Amino acid sequence: VFFSIDLANARIFNADSMPYGTDVSHLVVNIGTSGCSALELTVPREGKEDTVINFLTNSTDSIDFSMGQAKIHVVSLDGTTSRDYDLRVNVHKMKPDSLYWNQLACRTLPSMFQSPDVQKTVLHKGKMLCMTAASGRYCVVTASNPGEDPATDDWITTEIRPQFTPAVETLAPTDDALYVLADDGSLYSSIDNGSTWSGCNGTRWHNIIGGYGKALLGIEKSGDEYFTTEYPRGISHPAPDGFPISGSSQPVIFDSKWNLTPQLMILGGRTATGSLTGDVWGYDGFTWTKLSQASCPPRTGMTLFPYFVFRTNTTNWTVTEMTAWIALGGLDSDGDTHSTVYISIDRGLNWKVAGDLMQLPDYIPAMYGSQALVFPSVMQARSGSKGWTEFAPKELPRWLAIASGNSAISRATRPITEWECPYIYLFGGHSSDGSLYNTVWRGAINRLTFKPLQ
């Protein structure tokens, strides 16, 4: 582990803190100098006198840094000049790889209505698009980032007057259009962010799954049979056994060097037999396949989104960023809502309950039918955004308390004041009685909120 030397303030520290839980009670230090006549370390001891170690004669002695800051006393070769340095070994006091919601904030849904009845938020052409309805009126709000202030930035609110009754919860984007079902199942499309709508050649569907490139995926019903289908090609196949015909999560699309085509993933929902499922289904542009081996509990209206976790190699402290799939919420067969967070790090094959610190705090209610979007945000700017109410994080256990005064001073002439951090925005959602939560929650993983090293 390499250390930085702040000559101006006579401080020595490791700017990149060692992982949480590192034992610092028996560390061997390696100090290099261009020449000195004395080099002593003074180490504090609990309830006893400080220990003084002559490093020139005892360079292999282990040192206990668990009592806090040590001191290094250096004397020049000619013995005329000396200086003392404060030496600190920084260790993370909080698990940085947990989805601890320590940057939580909440605001109302972006809408021209004070109390919307229904909403659906999607990512369309790189922008957030939120459709809401209240008392038979409809509006669409678009923005490049939901964290910006709608009073001063690029939020655009448009009241729309469709010549049909949209089933707002079916709203879905493709690369070049928006789609929504009418209350009678008729399919409509829009190429101007929902301002105007056109019928899709009399197409009628049971449900919309989501967009895949320029194609729209959905469910058709003929008699008692259900079919997976695609618009505009109109290719249909019988829905596989156990496939969700409604209530699945928002789709997530990802690509990798192992895939010839992008992979679309959905989670949970209600099958043709009326039962609920917690399985993950994937689509590769040709075929639907059940992916999950260890599934989530059977629920409808779960929220699915990709995020990041980090794996630390404790041999050399290298950190590898990994994509993870996060699932939360949902409505079970008894009509109860849930808030449990689940995680998969193998592309949806296996799911497990996330750790305690990744679970939602108590003041975020259990819900179903919410949408999660991830936007890159500037950390410094987030704290000053108008319209957001900041919330204190859930209380940490004592052994995870965040230590104060652990920041490192850098010799950089231009200090970092802001940096990018992908925030999770959780839109809407419903209570167990179907009422809409008029909220947008915002949170981020710990490590991504840490100030970058200089």
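Buried means under 20% relative accessible area, a cut-off to keep handy on this walk through a predicted model.

**Stop 1: a salt bridge with a buried partner**

Select Glu230 and Arg233. Their side chains meet in a salt bridge, 2.7 Å from N to O. Is Glu230 buried or exposed? Its relative accessible area is 8%, so Glu230 falls under the cut-off and is buried. Arg233, at 52% relative accessibility, counts as exposed.

**Stop 2: Asp86 and Lys71**

Next, pick Asp86 and Lys71. Here too the side chains form a salt bridge, with 2.5 Å between N and O. Show the strands as well: Asp86 sits in strand E6 (residues 82–88) and Lys71 in strand E5 (residues 70–75), so this pair ties together parts 15 residues apart in sequence. Now color by accessibility. Asp86 comes out partly exposed at 22%, and Lys71 is also partly exposed, at 42%.

**Stop 3: Arg204 and Asp184**

Move on to Arg204, which makes a salt bridge with Asp184; the closest N and O atoms are 3.4 Å apart. Arg204 belongs to strand E15 (residues 198–204), while Asp184 is in the loop between strand E13 (178–181) and strand E14 (186–190), so the pair links parts that are 20 residues apart in sequence. With a relative accessible area of 52%, Arg204 is exposed. Asp184, at 40%, is partly exposed.

**Stop 4: a charged trio**

Select Arg137, Glu159 and Arg161 together. What links them? A network of salt bridges does. For the tally, the whole structure has 5 salt bridges.

**Stop 5**

In soluble globular proteins, nonpolar side chains tend to be buried together. To look at that in this model, select Met128, Phe305, Ile326, Tyr425 and Phe427: of the 38 residues in the largest nonpolar core, these touch the most other members. Which strand gives the most to this core? Strand E31 (residues 420–430) does, with 6 residues.

**Stop 6: around Met128**

Leaving out residues up to four places away in sequence, Met128 touches Pro110, Thr121, Val122, Leu123, Val141, Thr142, Ala143, Pro146, Trp155, Leu373, Phe375 and Phe427. Keep Phe427 highlighted: like Met128, Phe427 is on the list of core residues that touch the most other members.

Methods: Residues are numbered from 1 along each chain as its sequence is written. This is a predicted model: local features need pLDDT of at least 70, side-chain atom pairs count only at pLDDT 80 or more; totals for chains, interfaces and linings use all residues. Side-chain values use heavy atoms; hydrogens and water are left out. A nonpolar core is a set of buried Ala, Val, Leu, Ile, Met, Phe, Trp, Tyr and Cys residues joined through side-chain atoms within 4.5 Å. Buried means under 20% relative accessible area, exposed over 50%, partly exposed in between (1.4 Å probe, protein chains only). Helices (H or I, at least four residues) and strands (E, at least two) are DSSP runs, numbered from the N terminus. Contact means heavy atoms within 4.5 Å. A salt bridge is a side-chain nitrogen of Lys or Arg within 4 Å of a carboxyl oxygen of Asp or Glu.
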